[in-house]
Amino acid sequence: MGHVRLGSLPRSRAWKEVVGLITAGADVSQIANATIRAADKAFSFVLNDEGFTEAVWLMTQLAIAAKKDNFNDHLQSVGINLPQDTSLPDVAAAVAEAMDRKLESNGSRSDLGEMSQRALVGALVEHISPKLPSLFAPDASDVQAALASLGKKREFGELSRTFFAKLTNDSMNYFLTKTLATHLGEGQRFTTMNEVGQFEKALTTHCKEASLIVEQFSADWFSKHKYEEGGDISRESSNGFASYALKKMKDELKEGARTNAR
């Protein structure tokens, strides 16, 4: 099937609105809202993208494994193979490799899938790192203890929030990067690369703030479905969660722009 690319949006009326807002110096929330609406058609297949659904599935299974009698056995059953003396880089590599094997076997690689893979690995590293010893090099027991914490309702909510924030931010940057570069220079929206960097940092912060709505929803969903499904979570349930969480994220970004415009 090859690699599915999202393409670009420079000729659409909606994308011209994004460019107009950038030129006019609109704030990040307005540009984020316009970008989501302009890219809506390009992202219409996200819910059926195997990279996205696989990333969410693996995220749920990392949390489920945390409460299993044999943590590693469950992870191996979903394709995550950790070495005995595992480290945080080992965890990141094992999750990335699990996604690679799945997508390559199905011939379903896509830009969205690669963004989902980066978002999941990045969220795991960001979530686990603070739980490891800072004065001494963490050993395998430290890493496994940190992973085991993912089985808690609150911890899953926080991990999910970080994943969806990173995915949304990367998705918008996918379309914005080239456009921002054309507005750099004397008399343009951005005079220096530092100003572009400040805008990108503000967009990251905006996505992180908007993702708060996903955190509690994810925590409640995980607790409910884990109980209803006898300690496991099915792919069907995971796919439904992925769809609704992403919708909540998009709706929140649009609502935030309306609120700031009042």
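Trainee: At what angle do helix H3 and helix H8 pack, and how far apart are their axes?
Mentor: Two packed helices are described by the angle between their axes and the distance between the axes. Here helix H3 (residues 50-65) and helix H8 (residues 153-181) pack at about 160°, with axes 11 Å apart. Axes are lines fitted to C-alpha atoms, for helices over the stretch in contact, and angles run from 0 to 180 degrees between N-to-C directions. Helices (H or I, at least four residues) and strands (E, at least two) are DSSP runs, numbered from the N terminus. Before we go on, please keep in mind that this is a predicted model, where local features need pLDDT of at least 70, side-chain atom pairs count only at pLDDT 80 or more, and totals for chains, interfaces and linings use all residues. Residues are numbered from 1 along each chain as its sequence is written, and side-chain values use heavy atoms, with hydrogens and water left out.

Trainee: Are H3 and H8 roughly parallel or roughly antiparallel?
Mentor: Angles under 35 degrees count as roughly parallel, over 145 as roughly antiparallel, 65 to 115 as roughly perpendicular and the rest as oblique. H3 and H8 are therefore roughly antiparallel to each other. As for handedness, a crossing is left-handed if the near helix is turned anticlockwise from the far one by less than a right angle, and right-handed if clockwise. H3 passes H8 in a right-handed crossing.

Trainee: Which residues of H3 and H8 meet?
Mentor: Contact means heavy atoms within 4.5 Å. From H3 come Phe52, Ala55, Val56, Met59, Thr60 and Ala63, and they meet Phe156, Leu159, Ser160, Phe163, Phe164 and Leu167 in H8. Sorted by class, this contact of H3 with H8 has ten nonpolar, two polar and no charged residues. For the classes, Ala, Val, Leu, Ile, Met, Phe, Trp, Tyr, Cys and Pro count as nonpolar, Asp, Glu, Lys and Arg as charged, and the others, Gly among them, as polar.

Trainee: And how do H3 and helix H6 pack?
Mentor: H3 and helix H6 (residues 111-128) pack at about 20°, with their axes 7 Å apart. They are therefore roughly parallel to each other, and the crossing of H3 and H6 is right-handed. Gly51, Phe52, Ala55, Leu58, Met59 and Leu62 of H3 make the contact with Gly113, Ser116, Leu120 and Leu124 of H6. The residues of this contact of H3 with H6 divide into seven nonpolar, three polar and no charged.

Trainee: What does the pair H5 and H6 look like?
Mentor: The axes of H5 and H6 come within 10 Å and cross at roughly 160°. H5 and H6 are therefore roughly antiparallel, and their crossing is right-handed. The contact involves Leu88, Ala92, Val95, Ala96, Met99 and Asp100 of H5, along with Gly113, Gln117, Leu120, Val121, Leu124, Val125 and Ile128 of H6. By class, the contact of H5 with H6 has ten nonpolar, two polar and one charged residues.

Trainee: How many residues does the largest nonpolar core have?
Mentor: A nonpolar core is a set of buried Ala, Val, Leu, Ile, Met, Phe, Trp, Tyr and Cys residues joined through side-chain atoms within 4.5 Å. The largest one here has 76 residues, and those with the most contacts inside it are Met59, Ile80, Leu120, Phe163, Phe164, Leu176 and Phe241. H3 gives the largest share of this core, ten residues. Leaving out residues up to four places away in sequence, Phe241 touches Val56, Met59, Phe156, Ser160, Phe164, Phe217, Ser218 and Trp221.

Trainee: Is Ser211 buried or exposed?
Mentor: Buried means under 20% relative accessible area, exposed over 50%, partly exposed in between (1.4 Å probe, protein chains only). Ser211 is found in the loop between H9 and H10, and at 0% relative accessibility Ser211 counts as buried. Beyond four places in sequence, Ser211 touches Arg161, Ala165 and Met249. By contrast, Lys201 in helix H9 (residues 193-210) is exposed, with a relative accessible area of 63%.

Trainee: How many helices and strands are there in the chain?
Mentor: The chain has eleven helices and zero strands. Of its 262 residues, 49% count as buried.
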